[in-house]
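Please work through the following exercises with the structure in view. Each task is followed by a solution in steps.

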Amino acid sequence: MNRPQTVPLLLDATDLAADPAREPGFAAQAHRLLAELVRDAALGWVEPPSPDEVAELLAQVRTAARAGDGALRVAYLGERLVGLGYWLRYARPTHRPHADLEKLAVDAAAHGQGVGRALTAPLITDAREEGVEVLTLDARGDNTGAPRLYRSLGFTEYGRLPAFVAVGERRYDKAFCMVDLREASG
């Protein structure tokens with residue numbers, strides 16, 4: 001199926017906060033996006049999150065981003081939020097040089113339009129600029145599209161837990177990936 005290729009508008013947490021047209025409806029649009037995606041791919045939830053849960057999560061990510069301990073990137077096609085991604089620095093003191101790309105969510109209608117790459121590449125750059133040494137992520141083992149994207153951006157799989165992710169009676173592998181930003185910057 002051929003989809004029209006359009007370039008998404010990308011914003012970071014600061015740009016989004018300063019955008020009077022998008023900021024007021026952002027949490028509601030993020031809730032819609034995440035709730036729709038959870039129906040097909042758990043994204044860490046079994047049931048869609050509540051609007052309050054999403055708003056609280058976004059507030060935590062924005063606070064971390066202001067402190068240099070995280071980054072948020074969002075993508076819009078027109079006025080519609082079609083993607084969001086964020087990383088957070090690990091809290092454990094011995095892991096503070098590292099961060100985890102915790103969520104990358106792209107609206108199903110925007111798959112194949114480069115939104116995932118448009119979000120992930122600047123998140124990696126943000127991590128490098130904040131001094132993150134190793135950026136990690138995990139993905140459900142049945143996710144076939146995301147690993148190709150991550151590999152193309154320098155991530156390598158370093159481990160897998162068989163049948164670790166439980167969604168009702170179904171079980172999926174959990175694949176662990178990382179990109180060493182010390183190598184990329186040296």
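The exercises below go from the whole chain to single residues.

This is a predicted model, in which local features need pLDDT of at least 70, side-chain atom pairs count only at pLDDT 80 or more, and totals for chains, interfaces and linings use all residues. Residues are numbered from 1 along each chain as its sequence is written, and side-chain values use heavy atoms, with hydrogens and water left out.

**Exercise 1. The whole chain**

Task: Describe the secondary structure and the overall dimensions of the chain.

Solution. 
Step 1. Helices (H or I, at least four residues) and strands (E, at least two) are DSSP runs, numbered from the N terminus. The chain contains 6 helices and 7 strands. Along the sequence, their pattern is β-α-α-α-β-β-β-α-β-α-β-β-α.
Step 2. The radius of gyration is 16 Å, close to the 16 Å that the globule rule gives for 186 residues, so the chain is as compact as a globular protein of that length. Here the radius is taken over C-alpha atoms, and the rule is 2.2 Å times the number of residues to the power 0.38.
Step 3. Taken along the principal axes, the box filled by the C-alpha atoms is roughly 40 × 40 × 35 Å.
Step 4. Buried means under 20% relative accessible area, exposed over 50%, and partly exposed in between (1.4 Å probe, protein chains only). Of the 186 residues in the chain, 45% are buried.
Step 5. A contact means heavy atoms within 4.5 Å. Among contacts with a separation of 6 or more, 60% join residues 24 or more positions apart.

**Exercise 2. An arginine in a loop**

Task: Is Arg22 buried or exposed, and which residues does Arg22 touch?

Solution. 
Step 1. Arg22 belongs to the loop between helix H1 (13-17) and helix H2 (23-38).
Step 2. Arg22 is buried, because its relative accessible area is 13%.
Step 3. Not counting residues up to four places away in sequence, Arg22 touches Leu9, Leu11, Leu16, Tyr76, Gly78 and Glu79.
Step 4. Arg22 and Leu77 are 55 residues apart along the chain, and their C-alpha atoms are separated by 12 Å.

**Exercise 3. Two alanines in strand S6**

Task: Describe Ala163 and Ala166, both of which lie in strand S6.

Solution. 
Step 1. Strand S6 covers residues 156-167. Ala163 counts as partly exposed because its relative accessibility is 44%.
Step 2. Most residues other than glycine have a negative phi. Ala163, although not a glycine, has a positive phi of about 50 degrees.
Step 3. Ala166 also counts as partly exposed, at 40% relative accessibility.
Step 4. Leaving aside neighbours within four places in sequence, Ala166 is in contact with Val46 and Arg171.
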